[in-house]
Amino acid sequence: MDWLTKGTSRFSGLTSHSPAGSGQPAEIAEFSALGPKPVISLILPVLNEAPILAGALSGLPRAPDLEIILVDGGSTDATREVAGRFPQVRWVTAPRGRGGQMNAGARVARGNFFIFLHIDTVLTTDHLSALRQAVLDPRVGAGAFELRLTPPTLFLRFIAWGANWRGRLFRLPYGDQAIFVRRDLFLALGGFAHSHPEDLDLVLRLRRLTRLSLLTPPVNSSGRRWLQHGNLRTTGYHWAFLIRHLAERLLTRRWPRMGQL
């Protein structure tokens, strides 16, 4: 537990939270020799993403201060075989569920900053450079990138515009904007909840403790949900889900102040 006990938070009133007893230990299926501690740990939860995985992994930056951790939630397709073509990627398995998978990646990560990336969101060297600059500022505890949806249809440009204004005005980015968080703050908050929407829950807890930064350039994220299910239906679902989540936080005890790391 040394890696946790050393991690007293810089944020007032918080201490690092041990992940022991979560009941969902990660299985590290492959582990390369430890090198110098990286600055940034990139954590990608996946489930049956073989058709797009090779393109996503080949497009990721490669740098000595970056480690890439792919957390599989029990894929039954060729996800593992595809990932095996990329020796720089660490493979971890965890029970299915994006929150639990990202927690499993954080438990084995060696970086002092975590970035949680959806497999259909593109992170480039420009984004990594912007993040490197941000982490030099001790006031930056967490944040995300501005959003650009692809293909850039008129409706998806409007959705991205609204998401970026939501991020600027309310500091409320979503998971497809590549959320990043300082290690000690993430551990002190207990990581992600295992219930959906785990990304929104984490952001709302983070906002109590730090001002979330919104970085540029925007990340490109796939608009496939809108294309598959329809623009108005998908947008309406997102708004209804947001309203329901905020109501649950206000009126129930379903969402505690700590995650399930």
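This is a predicted model: local features need pLDDT of at least 70, side-chain atom pairs count only at pLDDT 80 or more; totals for chains, interfaces and linings use all residues.
Local features need pLDDT of at least 70 and side-chain atom pairs count only at pLDDT 80 or more, while totals for chains, interfaces and linings use all residues. Residues are numbered from 1 along each chain as its sequence is written, and side-chain values use heavy atoms, without hydrogens and water.

Helix H8 covers residues 198-206; helices (H or I, at least four residues) and strands (E, at least two) are DSSP runs numbered from the N terminus. Nine of its nine residues are buried, so H8 is largely enclosed by the rest of the structure. Buried means under 20% relative accessible area, exposed over 50%, and partly exposed in between (1.4 Å probe, protein chains only). The cover includes helix H4 (98-108), strand E7 (142-150) and helix H10 (231-251).

A salt bridge here is a side-chain nitrogen of Lys or Arg within 4 Å of a carboxyl oxygen of Asp or Glu. Asp201 and Arg205 are four residues apart in H8, so about one helical turn separates them. Both are buried.

The whole structure holds 12 salt bridges. In one of them, Arg168 meets Glu146 at 3.1 Å, N to O. This pair links distant parts of the chain, as Arg168 is in helix H6 and Glu146 in strand E7, 22 residues apart. Arg168 counts as partly exposed because its relative accessibility is 31%, whereas Glu146, at 14%, counts as buried.

Helix H6 (residues 154-170) also contains Trp165, which is partly exposed at 38% relative accessibility.

Terms used:
Contact means heavy atoms within 4.5 Å.
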